[in-house]
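Colleague: Please show me the model, and then we can go through a few questions about it.

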Amino acid sequence: MTDTAADQPLAGKIALVTGASRGIGAATAKALAAKGAHVVLVARKVKDLEGVEDAIHDAGGTSTIAPLDLTDGESIGRLAQAIAERYEKLDILVIAAAQLPTLTPVTQIDAKQFNQALTLNVLATQALLAAFDPLLKRAEAGRVIGLTSSVGAEPRPFWGAYGATKAAFDNLLESHAKEVERISETRLAIIDPGATRTDMRARAYPGEDPDSVKPPEVVGERIAELLIADFPNLHRERVETQR
């Protein structure tokens with residue numbers, strides 16, 4: 001193996017990361033770019049995406065920003081078409097974007113917030129899988145990683161709205177994984193990042209010392225490691241501690 005291949009094991013791979021403007025999504029995008037992948041950065045805020053892109057380029061990596069609202073299903077389709085025309089494939093899809101509604105009893109869930117979370121966390125996930133499935137199948141070994149939460153499988157008081165969306169998110173990913181495993185080389189993994197220093201966690205735990213939980217870079221590096229080592233279909237893990 002050449003030095004370049006050793007240093008950049010994801011060279012030649014096209015990766016798309018949603019929620020790439022901050023937190024775990026941004027950390028994952030940077031980690032994948034550092035390993036040689038060309039990363040398509042997806043989020044709503046152009047300025048934040050440009051900051052992540054600058055960091056990637058300053059470190060010697062390559063990326064393209066794709067500002068869009070994932071709750072607009074048509075925009076996902078347009079992005080898939082653009083990637084098909086430019087790259088003809090998609091090797092890696094990381095679904096990190098998510099919305100956390102206000103923590104509240106089930107009986108007091110705000111309908112508007114719940115609908116917004118369902119749209120981003122569930123409907124957009126289905127739209128992403130549908131739009132990019134053909135491009136993942138064109139890749140030598142398409143890989144999908146979805147970022148979940150423990151509250152999807154283990155309901156917790158006041159987390160009902162978010163937990164319900166993550167339970168549906170997990171179900172969609174697992175169903176799709178089983179549907180494609182015998183007809184393609186596409187494989188899916190679901191990763192629970194565990195307690196991580198993000199804006200979302202700060203909103204959920206406003207009194208917590210941020211330094212008491214791991215930074216998002218730990219999760220981003222673990223995702224890159226998984227993609228380099230590869231994983232079996234329906235792989236699941238929780239990133240518990242700093243590595």
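Colleague: Which residue of strand 2 is the bridge partner of Ile14?

Modeller: This is a predicted model, in which local features need pLDDT of at least 70, side-chain atom pairs count only at pLDDT 80 or more, and totals for chains, interfaces and linings use all residues. Residues are numbered from 1 along each chain as its sequence is written, and side-chain values use heavy atoms, with hydrogens and water left out. Strands (E, at least two residues) and helices (H or I, at least four) are DSSP runs numbered from the N terminus, and two strands pair if DSSP finds at least two bridges between them. Strand 1 runs parallel to strand 2, with 5 bridges joining them, and there the partner of Ile14 is His38.

Colleague: In strand 4, which residue is the bridge partner of Thr18?

Modeller: Strand 1 also pairs with strand 4 (residues 92-95), in the parallel sense and over 4 bridges. In strand 4, Thr18 has as its bridge partner Ile95.

Colleague: How many residues of strand 1 are buried?

Modeller: Buried means under 20% relative accessible area, with exposed over 50% and partly exposed in between (1.4 Å probe, protein chains only). For strand 1 (residues 14-18), the buried count is 5 of 5.

Colleague: Which helix gives the most to the lining of the largest cavity?

Modeller: On a 1 Å grid over the protein atoms alone, a cavity is a set of points where a 1.4 Å probe fits but cannot get out, a pocket is an open set with protein on both sides within 12 Å along at least five of seven lines, and lining residues have an atom within 4 Å of a point. The largest cavity has a volume of about 30 Å³, a volume being the space filled by probe spheres set on the points, which are joined across faces, edges and corners. Its lining includes Thr18, Ile95 and Leu120. With 5 residues, the helix that gives the most to this lining is helix 5.

Colleague: Which helix gives the most to the lining of the largest pocket?

Modeller: The largest pocket holds about 1100 Å³ of space and is lined by 44 residues, with Ala96, Ala97, Ala98, Gln99 and Met200 nearest its centre. Among the elements that each supply at least two lining residues are helix 2 (23-34), strand 2 (38-43) and helix 7 (199-204). The greatest contribution, 5 residues, is from helix 7.
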